[in-house]
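Please study the sequence and structure before working through each solution.

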Amino acid sequence: MVHFVGAGPGAPDLITLRGAELLRRADCIIYAGSLVNPALLALAKDGCTIYNSAEMTLEQVLDVIRSQEKQGRETVRLHTGDASIYGAIREQMDELDRLEITYDDTPGVSSFCGAAAALNAEYTLPGISQTVIITRMAGRTPVPEREALADLAQHGASMVIFLSAGMVPAVQAALLQGAYIENTPAALVYKATWPEEKVVRCTVGTLARCGVEHNITKTALILVGDFLNTTSYERSKLYDPGFTTEFRKGSQQ
Ligand code: SAH
């Protein structure tokens, strides 16, 4: 059996209890070495075989899994953050279905949650935005045309841009074609939750300059939206004394 496991954003204690237990039990671990914190490999038991998928193709990953299965050994496929976000798990799962190898998936803390935590930010501030757009800039991997960053930017929603720290000037230009203005708050978060984490607060107008000044070109998220710097949001209904919920009677009818 194969267990897909989300490793979390970096700090080794941000893996789930379930994920850590699966790592301890694994006979084989294939980890995404470009971003998974290698400290997590310390959980592996003696005799566990470890592979770094950063140096492997999909075919090689599948070959390893197939050979482990033949020996009756369990594999953990360790992905960074949560595997459902840019994790390339679907193509593995489809092949495993074809090979009749069973698998399950243990979620992880995605880096977009790690970055929000680093900024003490709430993406969904009432009266500001109730939507988080998770996207990336088209690079060597294309993005469907209808999802062009400039078009998504028309909503002015809270936005998290993955895999684009090497293209910050183009990100900035696309954002400005949408509903964001030069003064819209933005942030670059490099290696959220790692010891070398860098958090740079800026605006859409200064994004590109800040990227250069702080030498951030990879392993970073770009966060954009008024949620980052506003005091004008509305209080939540959930904790409003006047508001009745399923669990609590409010003072207003
Ligand atoms: N599945 C992962 C994302 C993998 S794509 C997740 O859920 O987070 C790789 C991209 O994620 C990187 O280029 C970067 O944009 C972002 N990323 C991953 N870990 C990060 C971290 N700790 N801090 C900031 N960005 C991170």
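**Exercise 1: Placement of the ligand**

The ligand sits in the largest pocket. A pocket is an open set of points on a 1 Å grid over the protein atoms alone, with protein on both sides within 12 Å along at least five of seven lines; a molecule sits in a pocket if more than half of its atoms lie within 2 Å of its grid points. This is a predicted model, in which local features need pLDDT of at least 70, side-chain atom pairs count only at pLDDT 80 or more, and totals for chains, interfaces and linings use all residues. Residues are numbered from 1 along each chain as its sequence is written, and side-chain values use heavy atoms, with hydrogens and water left out.

**Exercise 2: Polar backbone atoms**

Task: identify which backbone atoms lie 2.9 Å from a nitrogen atom of the ligand.

Solution. Step one: a backbone N or O atom of aspartate 82 lies at this distance. Step two: a polar backbone atom of threonine 80 is likewise 2.9 Å from a nitrogen atom of the ligand. Step three: for an oxygen atom of the ligand, a polar backbone atom of alanine 220 is 2.7 Å away. Step four: the protein covers 94% of the 540 Å² of accessible area that the ligand has on its own (Shrake-Rupley method, 1.4 Å probe).

**Exercise 3: Domains**

Task: state which domains the assignment gives.

Solution. Step one: the automatic or database assignment gives domain 1 (2-109) and domain 2 (112-228). Step two: their centres, taken over C-alpha atoms, are separated by 28 Å. Step three: the contact (heavy atoms within 4.5 Å) takes 11 residues from domain 1 and 11 residues from domain 2.

Key
Polar contact = N/O pair within 3.5 Å; in protein donor to acceptor, adjacent residues only side chain to side chain. 1 Å grid on protein atoms, 1.4 Å probe; cavity = no way out; pocket = protein on both sides within 12 Å on 5 of 7 lines; lining within 4 Å.
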